[in-house]
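Hi everyone, thanks for coming.

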Amino acid sequence: MSVGKRLRDLTKTESPLLIAGTINPMCALLAQQAGFKAIYLSGAGVANADYGLPDLGLTSLDNVVTAAYKITQKSDLPLLVDGDTGWGSVLNIKQTVQHLVAAGAAGVHFEDQTFPKRCGHRDKKILTTTAVMLDRIKAAVDARRDPDFVIMARTDAASVEGIDAAIARAHEYVRVGADMIFAEAVTSLADYAKFTAALGATPVLANITEYGLTPLFTATELQHAGIKLVLYPLSAFRAMNFAALHTYKEILKNGTQSSCLAQMQTREQLYSLLDYYTYEKQIETTRDPNV
């Protein structure tokens, strides 16, 4: 069964499907260890973590594909990837889909902002026309070789044009082939319920990112509003950053990291996660004594 098919099936069996944001293979392994069944690669995560850049369209397709490939080589969980605006024309959209399929991703979402895009929870976002976004979706659908690879359409219209306009756009996106809808920056459960009721059988994703426009609704609340997928794109990344800064400060302040040990992953926990001893044993049993 393809990873795309597994992602589709999970939206039917989970209520709702909780998706962990994973910026690298280590995070993917940790999410899997915690019990998540699907993971996500954020464009902001690639820009922030890999390049120290803001989420303003400064990274390339190659940057994201490389990050996705590294994750899929270490985790078999279905990976949904942030395709931003597609890095150019419909030809670039097609290339994006083809490369992500080859990298082992389960799906990709494209958004209806203009390039360069902004974070979906910032102001001054500029939307494309519906016609432009429809061309993006049609190009993505045409490019996939695996019919189960998920093409998700993200609309940022709720915070720009209003919830009714966002729903109208989503209907059009589904009409030309979008498998799922990413409803960005929705601010109330009533609006989520209105959105999901209007979309019917099409799965709708809620992006529950911290410090944004959307309140931190619980999975149960979102389930009652008809949401099928709940995304936590950078939660662990933010926690990691906070912990790292605290540790650096403690070392400088006290001349030792001792006060931070209770908040650290132990060496044994790391080795267990990475299956270190299996690798070590392979070295010991295959070592050429003449080398």
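Predicted model: local features only at pLDDT ≥ 70, side-chain atom pairs only at ≥ 80, totals over all residues.

Residues are numbered from 1 along each chain as its sequence is written, and side-chain values use heavy atoms, with hydrogens and water left out.

Let's begin with the barrel. Eight strands close up in the order S1-S2-S3-S4-S5-S6-S7-S8, with parallel pairing. From one strand to the next, the twist averages 25°. When I say helix or strand, I mean DSSP runs numbered from the N terminus: H or I with at least four residues for helices, E with at least two for strands. Two strands pair if DSSP finds at least two bridges between them.

Take S3 and S4 as an example. They run parallel and are joined by three bridges, and Leu-80 stands opposite Gly-107 in S4. Helix H4 lies across strand S2 (38–41) and S3, at about 165° to S3. Those angles run from 0 to 180 degrees between N-to-C directions, using axes that are lines fitted to C-alpha atoms, for helices over the stretch in contact.

Now have a look at Pro-78, in the loop between helix H4 (61–74) and S3. Is Pro-78 buried or exposed? At 1% relative accessibility, Pro-78 is buried; buried means under 20% relative accessible area, exposed over 50%, and partly exposed in between, with a 1.4 Å probe and protein chains only. Setting aside neighbours within four places in sequence, Pro-78 is in contact with residues including Val-3, Leu-7, Leu-10, Ile-39 and Ala-106. Contact here means heavy atoms within 4.5 Å.

On to helix H10, residues 235–254. Its 20 residues should span 28 Å at 1.5 Å a residue, and the end C-alpha atoms are 29 Å apart, which agrees. The expected span is 1.5 Å times one less than the number of residues. Which residues of H10 are buried? They are Phe-237, Thr-247 and Glu-250. Seen down the axis, the buried residues of H10 fall within an arc of 155°, so they line one face of the helix; the arc is that of the directions from the helix axis to the C-beta atoms. Helix H3 (43–51) is included in what covers them. On the other side of H10, Phe-242, Tyr-248, Lys-249, Leu-252 and Lys-253 are exposed. Just after H10, Gly-255 takes a positive phi of about 75°.

Most residues other than glycine have a negative phi, and most peptide bonds are trans. Trp-87, however, has a phi near 60°. Trp-87 sits in the loop between strand S3 (79–82) and helix H5 (90–102) and is buried, at 18% relative accessibility. Tyr-211 also has a positive phi, near 65°, in the loop between strand S7 (204–207) and helix H9 (219–224), but Tyr-211 is exposed, with a relative accessible area of 81%.

Finally, where are the cis peptide bonds I want to show you? One joins Ser-15 and Pro-16, with omega about -10°, and Pro-16 is in the loop between helix H1 (3–13) and strand S1 (17–21). Another joins Phe-115 and Pro-116, with omega about 0°; Pro-116 is found in the loop between strand S4 (107–111) and helix H6 (130–143).

Thanks, everyone!
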